[in-house]
Amino acid sequence: MCGITGFVDYEKLLNFKEIKLMTDALIHRGPDSRGLEFSSESKYNIAFGHRRLSIIDLDASSNQPMFYNSKEYWIVYNGEVYNYKQIKKELLDLGYKFDTNSDTEVVLKSYVEWGVKAIDKFIGMFAFSVFDKKKERLFLFRDRAGVKPLFYYQKAELFLFASEIKSFHTTQKFNKEIDLNSVAMFFRHGYIDSPNSIYRYVKKLQPGHYLVFNLKDKTT
């Protein structure tokens, strides 16, 4: 179990301190290490955070966020792709080189090679985000069974994502407005059905789905 989080802030008020707080809210998911990346682009600030529980590759070189091609691609990843060695062989045959023994690097380079269709190759449980700087898009992916959680928040000039909603509470820009329809659903059924959450502007990424956030026009 690891914890992932990140933001895109068009008002450029959130900074490195904010991603640190968001990431540390997930320390119980990944006590082995913390990784942070922050970049101030021309139109927005973007940041990724990761709390790591080391399982497959214990080396520090597998810490996240992980990057490719001079940070043209970023990834934060939680989970395990069981068939990553077979996929790695495909990528090696295509000319890719690897610096780690982690499945994270395989997932990242699979996206570089096959785009969102890479998800069709993965057998496992996972939730991860990729920032494609070239396309100016941020992607969220979740496994078919929905074993690994992933939430996102979108309102006005701010987009957040995280393994747990508690990560959002660390920033004052998080609007905590309650979704009254979700409250009614909870009292009627005893749960809140996906993709809804208790908060109006927070959604659960549904199992077996991916989301594309276009950083150019702020659409999903």
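Trainee: How many helices and strands are there in the chain? And where do α2 and α3 meet, and which residues make the contact?

Mentor: Start with the whole chain. This is a predicted model. The chain holds four helices and eleven strands. Its radius of gyration is 17 Å, close to the 17 Å that the globule rule gives for 220 residues, so the chain is as compact as a globular protein of that length. The C-alpha trace spans about 55 × 40 × 35 Å along its principal axes. Of the 220 residues, 51% count as buried. Now take contacts between residues at least 6 apart in sequence. Of these, 58% join residues at least 24 apart.

Now zoom in on the pair of helices. Helix α2 covers residues 84-93, and helix α3 covers residues 103-114. Their axes come within 10 Å and cross at roughly 45°. The crossing is left-handed.

Next, look at the residues in contact. On α2 they are Tyr84, Ile87, Lys88, Glu90 and Leu91. On α3 they are Asp103, Val106, Lys109, Ser110, Glu113 and Trp114. Sort them by class. The contact has five nonpolar residues, five charged residues and one polar residue. Find these side chains in the structure, and follow the contact from α2 across to α3.

Conventions. Residues numbered from 1 in each chain as written. Predicted model: local features only at pLDDT ≥ 70, side-chain atom pairs only at ≥ 80, totals over all residues. Heavy atoms only, no water. Axes fitted to C-alpha atoms, helices over the stretch in contact; angles between N-to-C directions. Helix = DSSP H or I, 4+ residues; strand = E, 2+ residues; numbered from the N terminus. Left-handed = near helix turned anticlockwise from the far one by under 90°. Contact = heavy atoms within 4.5 Å. Nonpolar A, V, L, I, M, F, W, Y, C, P; charged D, E, K, R; others polar. Rg over C-alpha atoms; globule rule 2.2 N^0.38 Å. Buried < 20%, exposed > 50% of the residue type's maximum accessible area, 1.4 Å probe, protein only.
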